[in-house]
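Please look over the sequence and the model shown here.

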Amino acid sequence: MPCSTFSDAQVASLIKAIDSDGYAVLPGWASPVQLKELQALVTDTVAAAGNDYVALSGRQSVPGSPLDDWGSSHDFIDLCRRITQGATGERSSDTTLTQTLRCLTGNGGRKESLIFHYDSFVLTTIMPVCMPESGERGDLLMLPNRRPIRRSYLRNLMDKVLVDNQWVQKYLRNRVSGDNQTFTRIAMQPGHLYLFWGYRSLHTNMPVAEDALRATAVFHYHNVHGSSSLASRLRKSLETMKGQDMHEDVPQT
Ligand SMILES: [Fe+2]
């Protein structure tokens, strides 16, 4: 994790790439040794889950691993803060990352794919641990920077409700199968770190074969409406109405 050496000019060029291309890449984020260690962790995790979809949330679920170290790394959090400032214009006071190790395989993995959504966090970073080398690769798919940072949680919720329904999801999936030009499609490489504006970009992942494995470490920074009490009340009401969780805080990329 080379972020302690990042200059202001390098941070500025990352922000510029995210703004113009939809994403930025930091190659070789994990060392070969760290990547091997994480791949072994994924193998054990998926086996324990009966070779089906599994997601481990938080540092406490991956103790002693590089993901534990990165999740509490002052340098990594500071890098996220400096980058996030590029989207918000303000320096965030958030001192933590929200992290998940997400393992897509089996039938459950297919169900967790192609769900388009906006994140609640300004910055989303993804480091692939395992990616299929042939067939369906589980590419990251996005319509970058489709909405601004909303001032109110209610306006943010309207964006989400407009996307989080079967008609729009079906429309978007049809666009994926019929048109390769619409979406920014990223074939991610294990060990690299991919950064994008998760809050502003409509995004998802392509599926992988049931007998393949796609594992990603996802780190989010700066929950835009995290301190809104209206946010938590409305979220609970809507979940009750819909009878399911809003696709809000569970990473789906
Ligand atoms: Fe996401």
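Q: Why does Trp-29 count as buried?
A: Buried means under 20% relative accessible area, with exposed over 50% and partly exposed in between, for a 1.4 Å probe and protein chains only; Trp-29 has 0% relative accessibility and therefore counts as buried. This is a predicted model, in which local features need pLDDT of at least 70, side-chain atom pairs count only at pLDDT 80 or more, and totals for chains, interfaces and linings use all residues. Residues are numbered from 1 along each chain as its sequence is written, and side-chain values use heavy atoms, with hydrogens and water left out.

Q: What makes the pair of Trp-29 and Phe-76 tilted?
A: Rings of Phe, Tyr and Trp (its six-membered ring) pair if their centres lie within 6.5 Å, and planes under 30 degrees apart count as stacked, over 60 as edge-to-face and the rest as tilted. The ring centres of Trp-29 and Phe-76 are 4.9 Å apart and their planes stand at 55 degrees, so the pair is tilted.

Q: Why is the pair of Trp-29 and Trp-70 called edge-to-face?
A: Here the centres lie 6.3 Å apart and the planes are at 65 degrees, so the pair of Trp-29 and Trp-70 is edge-to-face. Both residues are buried, and together with Phe-76 and Phe-219 they form one aromatic cluster.

Q: How do you know that the charged end of Arg-147 sits over the ring of Tyr-199?
A: The rule asks for NZ of Lys or CZ of Arg within 6 Å of the ring centre and within 35 degrees of the ring normal; the charged end of Arg-147 sits over the ring of Tyr-199 at 3.8 Å from its centre.
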